[in-house]
Amino acid sequence: MIYSASRRTDLPAFYPDVIVDKVNRSRKLDALTLWTKDVGNLVRHPGLAQVVERVPSMVNYTVTGLAGTRWEPNVRPLSEQLGDVQVLAQRLPHGAVRWRFDPILPTPDVEERFVCVKTALDSALGGVEEVTVSFVDPYPKAVERVRLAGLEWPVVPPAEKRRLVEFMVAAFPPGDGPVVKLCCEPDLLAIPGVGMARCVDGDAFARLYGLPLADLPKDAGQRKSCGCMQSTEIGSYALRCGHRCVYCYANPELPFPP
């Protein structure tokens, strides 16, 4: 069994005790997949830090370079997290902390943001071998929240999507395997250097921890083009994320209260 913590809210950043409680109560848990925009509690919260060191863990770490802007008003900047990122990378096998540049918001500085974040994480993680990306989906509540925030929903034409993905591929050294992993973007999978993302990845747990999880089936509860393997979601939409990213599909508030 793999726990997913969580697609529905940022459990590590705001509800670490939920993870600790669920893990400590489980008798079947093999591994833990964590999703967060702030790794601080993964190294500094006593209970959660112990869980991460005790239970085989993979971390989907989302950094877009938009922290503190109107898009991600309450996200802590990467510059303030780099020390925690380095500590986390030292505690886990290399490659267990995965960078997500997700969603891609085509602001005028999107390429500069990508390169700046990659450069910082290359240093903190001892090298970034790949990145998971996707383009923001126009959920009606998110589109309306963006409008109420005084922003414009980022419609990205297919040709521009392809150009941006090709730019990201070119930011990595030439290699044999895919360096940009696409999350639910099947129309772009033919681009050289690109592969399907698998944010819950039994193959990675097998490779990094020696766990017999490589043959897990696809998660039937996710979208058709999602590559994630089967997991148990332990988060809840009722646990509201404090990052307040305006493009978020999980938070129903319109607009966010002051």
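Predicted model: local features only at pLDDT ≥ 70, side-chain atom pairs only at ≥ 80, totals over all residues.
Local features need pLDDT of at least 70 and side-chain atom pairs count only at pLDDT 80 or more, while totals for chains, interfaces and linings use all residues. Residues are numbered from 1 along each chain as its sequence is written, and side-chain values use heavy atoms, with hydrogens and water left out.

View 1. The structure holds 19 salt bridges, a salt bridge being a side-chain nitrogen of Lys or Arg within 4 Å of a carboxyl oxygen of Asp or Glu. Helices (H or I, at least four residues) and strands (E, at least two) are DSSP runs, numbered from the N terminus. R25 is exposed at 65% relative accessible area, whereas D21 is partly exposed at 37%; buried means under 20%, exposed over 50% and partly exposed in between, with a 1.4 Å probe and protein chains only.

**View 2. R223 and D137 meet in a salt bridge.** The N to O distance is 3.0 Å. Because R223 lies in the loop between helix 9 (202-209) and strand 8 (232-233), and D137 in the loop between strand 5 (131-135) and helix 7 (140-148), the pair ties together parts that are 86 residues apart in sequence. R223, with a relative accessible area of 42%, is partly exposed, and D137 is also partly exposed, at 30%.

**View 3. Salt bridges that share partners join D38, R44, R76 and D84 into one network.**
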